[in-house]
Amino acid sequence: MDIVCKSTLDCNQGAIRAVRYNVDGSYCLTCGADKKIKLWNPHSGLLLKTYGGHAGEVMDAAGSCDSSFIVSASADKSVIYWDVTTGLPVRRLRGHAGSVQCIKFNEESSIAVSGSTDNTVMCWDIRTRKLDPIQTMREAKDCITSLIVSEHKIISSSIDGSIRQYDLRKGELTCDTIGIPITHIVQTKDGQCILAACLDSTIRLIDTDSGDLLSEYRGHKTEDYHIECAVIQSDSTIISGSSEGCAIMWDLLEGTELRRLQMKSGVVHSLAPHPTGSDILFAIKRHVEVWGCPEVMEEG
């Protein structure tokens, strides 16, 4: 697949902590060190709205299933539930004792799930006026770095080197220990595998049910950065950022490096593949690059 840099978003919000698509990929969110979230049309590069209300850096954000609301996680220890149209906070949720590093909605966007440096995962019922978490998971021994939320499971990764799966239907916890700090996890579209980005510059493919290590991918550099990864092209390709100013793609089954996407200098730490198309967003320092298949010009 031919993939090129199509455009750049100059975000003007200090260092970009995370970049995320909404549910259908029609817009994206950038989380800034300037304590703000910005809503963009990544295709036109148009800034649609700015959300300000956090007292610390915004570390992560997620859009709801109908794109009407946003939840954001901040170093100010709070989660904010935003109305997309008005740009105003609907609810401010405080319960974490440390910086909130990651945030996800469940499929119906009725529950927000947050992970923090206080080693806990909290579930918030955001459709009611209840300000306390409805559930708190305290099993991790170190900072929660990433979350996967599905219909009946919450999966968390931690700097303590473990992936914990909470089965909400059965009320069971499964813990798979890799032993190396994990900075990011994503699941394949079929749900059978988890991709875990680790601080030893290795990405590990884990069987979701058994916890077995299926494959490892190397060639990128993480140093001490929280570098994100993703599974793209119908679960056939893995992509990861790198501290060397590039993104690297591997064949999922073969484990072989396919290509490197060279970007402007800086750490490529956050990335977001389009939910249905081929575009990928990459956060590098203070801007976001939009990569994808070149636009084909139609003749007359």
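This is a predicted model: local features need pLDDT of at least 70, side-chain atom pairs count only at pLDDT 80 or more; totals for chains, interfaces and linings use all residues.
Strand E16 (residues 162–167) runs antiparallel to E17 and is joined to E17 by six bridges. Gln165 has Thr174 in E17 as its bridge partner.

Five aromatic pairs are found in a search of the whole structure. One of them is formed by Tyr81 and Phe105, whose ring centres lie 6.5 Å apart; the planes stand at 75°, above the cut-off of 60 degrees, so the pair is classed as edge-to-face. Because Tyr81 belongs to strand E8 (residues 78–83) and Phe105 to strand E10 (residues 100–105), the contact ties together parts that are 24 residues apart in sequence. Tyr81 has a relative accessibility of 6% and therefore counts as buried. Phe105 is likewise buried, at a relative accessible area of 9%. Together with Phe69, Tyr81 and Phe105 form one aromatic cluster.

A further aromatic pair consists of Tyr217 and Trp250, with 6.2 Å from centre to centre and 55° between the planes, a tilted arrangement. Tyr217 is located in strand E21 (residues 213–218) and Trp250 in strand E24 (residues 246–251); the pair thus links distant parts of the chain, 33 residues apart. Tyr217 and Trp250 are both buried.

Methods:
Residues are numbered from 1 along each chain as its sequence is written. Side-chain values use heavy atoms; hydrogens and water are left out. Two strands pair if DSSP finds at least two bridges between them. Helices (H or I, at least four residues) and strands (E, at least two) are DSSP runs, numbered from the N terminus. Rings of Phe, Tyr and Trp (its six-membered ring) pair if their centres lie within 6.5 Å; planes under 30 degrees apart count as stacked, over 60 as edge-to-face and the rest as tilted. Buried means under 20% relative accessible area, exposed over 50%, partly exposed in between (1.4 Å probe, protein chains only).
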